[in-house]
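Here are a few exercises to work through with a structure on screen. Try each task yourself before you read the solution.

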Amino acid sequence: SFCRFVVGRSSFNQDQVKRCYSSSVDVSSARSHLKNLGEGKIELEFLKDDRVAVLTIRNDPRRNAISGKMMVNFADVVEKLESWNGNGVILKGFSGIFCSGSDLSVAGSSNETGKLMSCFMHHYLDRFRKLSAISVAAIEGMAMGGGAELTTACDHRVLASDAKIHFVQARMGVVPGWGGGSRLVKIIGRSSAIKVLGGSNPLSAEECMRIGLIDATSTPGKAFDASMDLLTPYLRHHATVLRAMKQVISHADDHIISEASEEERRIFGEMWGGEANLEAIEKFKNRSKK
């Protein structure tokens, strides 16, 4: 199963990370440690008579990279939406950029922090994927690394014609750390997933459509509008009908994804902080200083 979060002590140490990778971690301790790491926020607003929730990833100086603080913010939003009786969710980035992944200035601060972030995001992205409302990723600019993984947790993806999705993890000396690898296989199949993850090249809208990674394209700057159009048929139904439909679909594949994601999380834990990863992070830091 995915990380099972339990309430308990408030301190953070290596034992918690070990419990995370063996299926259990202290949620209050994880929140306490992550909430003060970095800046940014996940904005939430409701449209269409509260039937559509819009989540905006916002961390301007870091090209909307996800900090520890934003991870806790995202978890709070997911918990709120779990008790919300709506039809659709749109996930987008602020100011023309979807998300540039994990904030390495924070995630790279220690091996334990990176691994804890992985476990935390695995858990809450799984819960986001299981929301009763239909979710759409409205992608402008770039969805890179962890940002690309975020898109796989949505039911649909809309990519602006000039935007790109980039699973950059191999270049960073790791595998996907937020469950995106397992979800990607379910979306595009084994062969295409090997090419996408192993090649680690930016994917254009044309290529994403060809391999079935996205559902629609839009003109530049119009991914949100196209996502709202995609949601329109779902807005005709009662929210309870959509909830039942997603329960049926989730039941069909959750067991397979849960087992695969647990193994993905274990492998990420072995790779994070390894020689290849540390070399890649050092190169990233040197580029950032220039």
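The exercises below walk through this predicted model, from the whole protein down to single pairs of side chains.

**Exercise 1. Get your bearings: how many helices and strands does the protein have, and what percentage of its residues is buried?**

Step 1: Count the elements, and you get 12 helices and 10 strands.

Step 2: Turn to burial. Buried residues make up 52% of the 290 residues.

**Exercise 2. Work out whether strand E8 is enclosed or open, and find which strands it pairs with.**

Step 1: Go along residues 156–160. A residue counts as buried under 20% relative accessible area, and 5 of the 5 residues of E8 pass, so the strand is largely enclosed by the rest of the structure.

Step 2: Check the two faces. In a regular strand, side chains alternate between the two faces of the sheet. Here His156, Val158 and Ala160 are buried on one side, and Arg157 and Leu159 are buried on the other.

Step 3: Find the neighbours. Strand E6 (residues 134–139) runs parallel to E8 and is joined to it by 4 bridges, with Ala137 standing opposite Arg157. Strand E10 (residues 216–218) is also parallel to E8, with 3 bridges between them; Val158 has Ala216 as its bridge partner there.

**Exercise 3. Trace the chain around strand E4: which strands pair with it, and in what sense?**

Step 1: Start with E3 (residues 41–47), which pairs with E4 in the antiparallel sense through 7 bridges. Phe46 is partnered with Ala53 in E4.

Step 2: Look at the turn. E3 and E4 form a hairpin with 4 residues between them, and Lys48 in that turn has a positive phi of about 55°.

Step 3: Move on to E5 (residues 88–93), which is parallel to E4 over 6 bridges. Ile57 finds its bridge partner in Gly93 of E5.

Step 4: E4, helix H3 (residues 68–82) and E5 make a right-handed β-α-β unit.

Step 5: Check burial. In E4, 6 of the 7 residues are buried, so this strand is largely enclosed by the rest of the structure.

**Exercise 4. Find what the buried residues of helix H10 pack against.**

Step 1: List those residues in H10 (residues 223–231): Ala223, Ala226, Ser227, Met228, Leu230 and Leu231.

Step 2: Follow their contacts, and you reach E3, E4, E5, E6, E8 and E10.

**Exercise 5. Find salt bridges that link separate parts of the chain.**

Step 1: Begin with Arg62 and Asp103, whose closest N and O atoms are 3.9 Å apart. Arg62 sits in the loop between E4 and H3, and Asp103 in the loop between E5 and helix H4, 41 residues apart.

Step 2: Compare their accessibility. Arg62 is partly exposed at 39%, whereas Asp103 is buried at 4%.

Step 3: Now take Arg127 and Glu82, which meet at 2.7 Å, N to O. Arg127 belongs to helix H5 and Glu82 to helix H3, so the pair ties together parts 45 residues apart in sequence.

Notes:
Residues are numbered from 1 along each chain as its sequence is written. This is a predicted model: local features need pLDDT of at least 70, side-chain atom pairs count only at pLDDT 80 or more; totals for chains, interfaces and linings use all residues. Side-chain values use heavy atoms; hydrogens and water are left out. Buried means under 20% relative accessible area, exposed over 50%, partly exposed in between (1.4 Å probe, protein chains only). Helices (H or I, at least four residues) and strands (E, at least two) are DSSP runs, numbered from the N terminus. Two strands pair if DSSP finds at least two bridges between them. A crossover is right-handed if, with the strands pointing away from the viewer, the path from the first strand over the helix to the second runs clockwise. Contact means heavy atoms within 4.5 Å. A salt bridge is a side-chain nitrogen of Lys or Arg within 4 Å of a carboxyl oxygen of Asp or Glu.
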